[in-house]
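I opened the model to look up a few helices and what follows them. My notes are below.

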Amino acid sequence: CWSAFGAGYSDISAAQALNFICADLGGIQTLPGGNGMLAQHIYQHLKKKGVAMNSLCFVVDVKATNGGVEVCYYSETQKKLFTVRAKKCVIAAPKYVAKHMVDDLSVAQKSAMNSISYRAYLVTNVLLDRKITSPGYDFYSLMDEIPRREQQDIQKRVYTDITFANWANFDQGEKSALTLYMPLPYQGSNQHLFYPKAREKYEGLARERLQTFLPELGLSDANVVGVRMTRYGHAMPVAWIGSIASGLAEKSHAAIDNKIFFANQDNWVNPVFETAFETGRQAALRILES
């Protein structure tokens, strides 16, 4: 649960956890470069279709009008605001951003969005000076005693999984890399990543903890030539108990006037690619049908 949900099992909806575990039992499918390869292929496909895409554009306001939707954004390249009009709009931002962007949200919908909490997550790539044969895709860290207290025990466990970055391309690279999943599975953890010494602290913890694992691969800390740490590129919603049964998840992503639609993994507070993909597909279908 720490690895998949960024939270302890006592915090997680049984339905959400069971759904996740059942999917994992179906086998492993991953791509070289991870989900980034999917994003790249989608981009290339849209580019060939002549779809206009603007980067460095920060959306500040979205509102439904009689004629459709108005989207106001700030262009970083041109240093000014623009407003575009559309028949429909899909907001793919997480709800904690969307609630500040969309005008005239109902009290009930904004309250539902406010009910979603998010956790911090670090992904750390450990670069090695040599090529190793990946013994598998994902190894869970099950050393020492079973953790009971998220905030205290994560400092001891540090990472939940080690994945072998070269496994997906059959170890074709000249050198190998290890990817560590490092969740901070407790409330209020997000702020800890903004401390000036945060990187130094978590890199130190990761390298220290790795000393118990590297010898299993015939390696030592001397073989580590670099450490790249990334704060999770998306907000990690907590699939709290009752998140579906309460109706709050559904209420948070209700379409507005059949013009503004929401697509994000936090539509169902289930932090996985499949949820992000499916909510996007559902939004597109609803627009095409309307």
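I checked helix 6 (residues 150-157) and found E150, D153, I154 and R157 buried, where buried means under 20% relative accessible area, exposed over 50%, and partly exposed in between (1.4 Å probe, protein chains only). They cover an arc of only 110 degrees around the axis, so they lie on the same side of helix 6; the arc is that of the directions from the helix axis to the C-beta atoms. An α-helix has 3.6 residues a turn, so residues three or four places apart point the same way. I noted that the buried residues of helix 6 pack against helix 1 (2-5), strand 8 (177-184) and helix 7 (198-210), with contact meaning heavy atoms within 4.5 Å. V158 follows helix 6 and has a positive phi, near 70 degrees.

Helices (H or I, at least four residues) and strands (E, at least two) are DSSP runs, numbered from the N terminus.

**Source**

This is a predicted model: local features need pLDDT of at least 70, side-chain atom pairs count only at pLDDT 80 or more, and totals for chains, interfaces and linings use all residues. Residues are numbered from 1 along each chain as its sequence is written, and side-chain values use heavy atoms, with hydrogens and water left out.

How far apart are the end C-alpha atoms of helix 3? They are 20 Å apart, which agrees with the 20 Å that its 14 residues (35-48) should span at 1.5 Å a residue; the expected span is 1.5 Å times one less than the number of residues. Just after helix 3, G50 has a positive phi of about 80 degrees. I found V51 in the loop between helix 3 and strand 1 (57-65). V51 is partly exposed, with a relative accessible area of 40%.
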